[in-house]
Amino acid sequence: MIKKRIAILGSTGSIGTQALEVIEANPDLFEVEVLTANNSIELLIEQAVRYQPNAVVIGNEAKYQMVADALSRYPIKVYAGSKAIEQIVEMETIDVVLTAMVGYSGLMPTINAIKSKKVIALANKETLVVAGELITALSQENRVPIIPVDSEHSAIFQCLVGELSPIDKVILTASGGPFLHTDIDTLKTVTRADALKHPNWSMGAKITIDSASMMNKGFEVIEAKWLFGVTPDQIDVVIHPQSIIHSMVQFEDSSIKAQMGLPDMKLPIQYAFTFPDRVKTDFKRLNFKDYSTLTFLEPDTGKFRNLAFAYESMRQGGNMPCILNAANEVVVEAFLKGKIGFLEMSDIIEKVMCRASFVQKPTLADYCETDTAVRTLTTSLIR
Ligand SMILES: NC(=O)C1=CN([C@@H]2O[C@H](COP(=O)(O)OP(=O)(O)OC[C@H]3O[C@@H](n4cnc5c(N)ncnc54)[C@H](OP(=O)(O)O)[C@@H]3O)[C@@H](O)[C@H]2O)C=CC1
Ligand SMILES: CC(=O)[C@@H](O)[C@H](O)COP(=O)(O)O
Ligand SMILES: [Mn+2]
C-alpha cells in the first residue's frame with residue numbers, strides 16, 4: 001500500500017486523537033500532513049511536535065502567535081483562522097482529509113477538499129445533514145470518494161463491499177443513550193452531567209448530547225440517505241443497547257448482513273484510511289460468550305421527538321435539515337451551559353422548524369444564510 005498523507009481537521013477532539021493513534025500504530029502506511037484545532041493550543045502543539053506535520057492551523061486567530069512561537073524551531077508552517085482551515089485542504093501533498101471538526105464548521109473545508117480531489121474520510125456528519133445534496137453532487141462531479149467514519153455508516157459500507165444488488169433496507173442501530181429507560185417526567189430535570197454519561201462510547205460533548213436526545217440517530221438517518229442513496233422509507237432505526245451490531249443491510253432476497261465488534265472508533269477510522277484493504281490490529285476482540293443476550297427495541301419517538309423531526313426534515317427536503325442542524329447546535333450549547341432543560345431542546349427545535357424561512361432548492365449561499373438566520377432565531381427563543 002502506498003503511504004497515505006493525512007490531514008486531520010479537528011485533531012484535538014475525540015475522533016482526531018484516535019485517528020492519531022491509528023496513524024502512529026501504522027507508520028509504514030500513514031503520515032500526518034496537516035493538523036487543525038479551534039482553541040486547544042497546548043494539545044495541538046504537543047501533537048505537532050510529536051507527528052511533525054507539514055502544517056498546522058489554529059482556528060482562533062488570537063492564538064496564532066502562541067502556536068507559531070512554540071513551533072518556531074520546527075519546519076512546520078503555522079496558519080490561523082477559519083478561512084485557513086478551509087484553504088489548507090488544497091495542499092497538493094494531502095491524500096486523505098479526515099473531517100473530524102464538530103458541527104457546521106465542517107461544511108466549507110469539506111467542500112474545498114472535494115473540489116481539490118482529496119479522498120474524504122467523513123466523521124463530520126453535520127456536513128451531510130446540512131447540505132447532503134450539494135456534497136453528493138460535488139463528490140460525483142469531482143469523482144471523489146466519501147468514506148464514512150461514523151460507526152453505523154462504516155458498518156453499512158462494510159456490509160456493501162462486494163454487493164452489486166440493490167439494498168432493500170438499511171437498519172441503523174442506536175444505543176438508546178443514557179435515558180433509554182428514563183421516564184418523560186424525569187427527563188425534564190436531567191442534568192448536563194447525566195446526559196454526558198454515554199453508556200458505550202466516549203465522545204465529544206456535542207455528539208454525546210445528540211446521542212442522549214437521539215438527534216444523533218436522526219442525523220445518521222439523513223447521513224445514510226445521502227451516503228447510500230436510499231429513501232427515508234428504506235431506513236429503519238432499532239435500539240440495540242449493547243452497541244455490538246454497528247448496523248445492518250437487508251437485501252431484496254431478505255438476507256441481512258451485519259457488521260459487529262466492540263465499540264471502538266479506531267476500527268472505522270482505520271478502515272476509512274485503508275479501504276479497500278484491511279490491516280491487522282491489536283484492538284480488543286469481541287467474545288460472543290461475554291454476551292448472554294443481544295437485545296433490540298423500537299425507538300420511542302414520543303419521548304425522543306428529535307428522531308421524528310429528522311424524518312420530517314427529510315420529507316420536506318430543501319434547507320429543512322440545515323434548519324434542524326443549526327437549531328440543534330444552538331440548543332445543545334444552551335443545554336450544556338445550563339440555560340435550558342433537556343426536553344426544551346426539542347420544544348425549541350420544533351418551533352424553529354415551523355418559523356424559519358424554507359427554501360426548496362437551496363444553493364450554497366442559501367445554506368450559509370439559513371445557518372446564520374436560524375442561529376439568531378433559535379437564540380431569541382431561549383429565555
Ligand atoms: N467522537 C466520536 O466517537 C464520533 C464523532 N463523530 C462526529 O465526528 C465529529 C467530531 O466529533 P468529536 O471528535 O466527538 O468532537 P470533539 O468535540 O471531541 O472534537 C472536535 C474537534 O473539532 C475542533 N473544532 C470544534 N469547533 C471548531 C470550529 N468552529 N472550527 C475549527 N475546529 C473546530 C475542536 O478543536 P478544539 O479542541 O480546539 O476545540 C476539536 O479538534 C462530529 O461531527 C461528530 O458528530 C461521528 C461518530 C463518532
Ligand atoms: C460512535 C458513533 O458512531 C456514535 O455516533 C454512536 O453511534 C453514538 O451512539 P448512539 O447510538 O447512542 O447515538
Ligand atoms: Mn454513529
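Which backbone atom of Gly10 lies 3.3 Å from an oxygen atom of ligand 1? A backbone N or O atom of Gly10 lies at that distance from the ligand 1 oxygen, which is a polar contact (a pair of N or O atoms within 3.5 Å). The model is predicted, with pLDDT of at least 70 needed for local features and 80 or more for side-chain atom pairs, while totals for chains, interfaces and linings use all residues. Residues are numbered from 1 along each chain as its sequence is written, chains are lettered from A and ligands numbered from 1 in the order in which they are written, and side-chain values use heavy atoms, without hydrogens and water.

Ligand 1 is surrounded by 24 residues, the closest being Thr12, Asn38, Asn39, Ser40 and Glu126; a residue is counted here if one of its heavy atoms lies within 4 Å. A polar backbone atom of Asn38 is 2.9 Å from an oxygen atom of ligand 1. The side chain of Glu126 places an N or O atom 2.6 Å from an oxygen atom of this ligand.

Around ligand 2 there are 15 residues, of which Ser151, Glu152, Ser175, His198 and Asn216 are the closest. An N or O atom in the side chain of Glu152 is 2.3 Å from an oxygen atom of ligand 2, and one in the side chain of Ser175 is 2.5 Å from an oxygen atom of the ligand. Ser211 has a polar side-chain atom 3.1 Å from an oxygen atom of ligand 2.

Seven strands form an open sheet in the order β4-β3-β2-β1-β5-β6-β7, with parallel pairing. Strands are DSSP runs (E, at least two residues), as are helices (H or I, at least four), numbered from the N terminus; two strands pair if DSSP finds at least two bridges between them. The edge strands, β4 (77–80) and β7 (146–148), each pair on one side only. Strands β5 (residues 96–99) and β6 (residues 119–122) run parallel and are joined by four bridges; Val96 has Val119 as its bridge partner in β6.

The largest nonpolar core has 92 residues, and Val56, Leu98, Phe273, Leu324 and Phe342 have the most contacts inside it. Such a core is a set of buried Ala, Val, Leu, Ile, Met, Phe, Trp, Tyr and Cys residues joined through side-chain atoms within 4.5 Å, where buried means under 20% relative accessible area (1.4 Å probe, protein chains only). Helix α14 (residues 320–336) gives the most to this core, with 11 residues. Another core, of 29 residues, lies apart from it and includes Val34, Ala55, Met91 and Tyr104.

Note on methods
Buried < 20%, exposed > 50% of the residue type's maximum accessible area, 1.4 Å probe, protein only. Polar contact = N/O pair within 3.5 Å; in protein donor to acceptor, adjacent residues only side chain to side chain.
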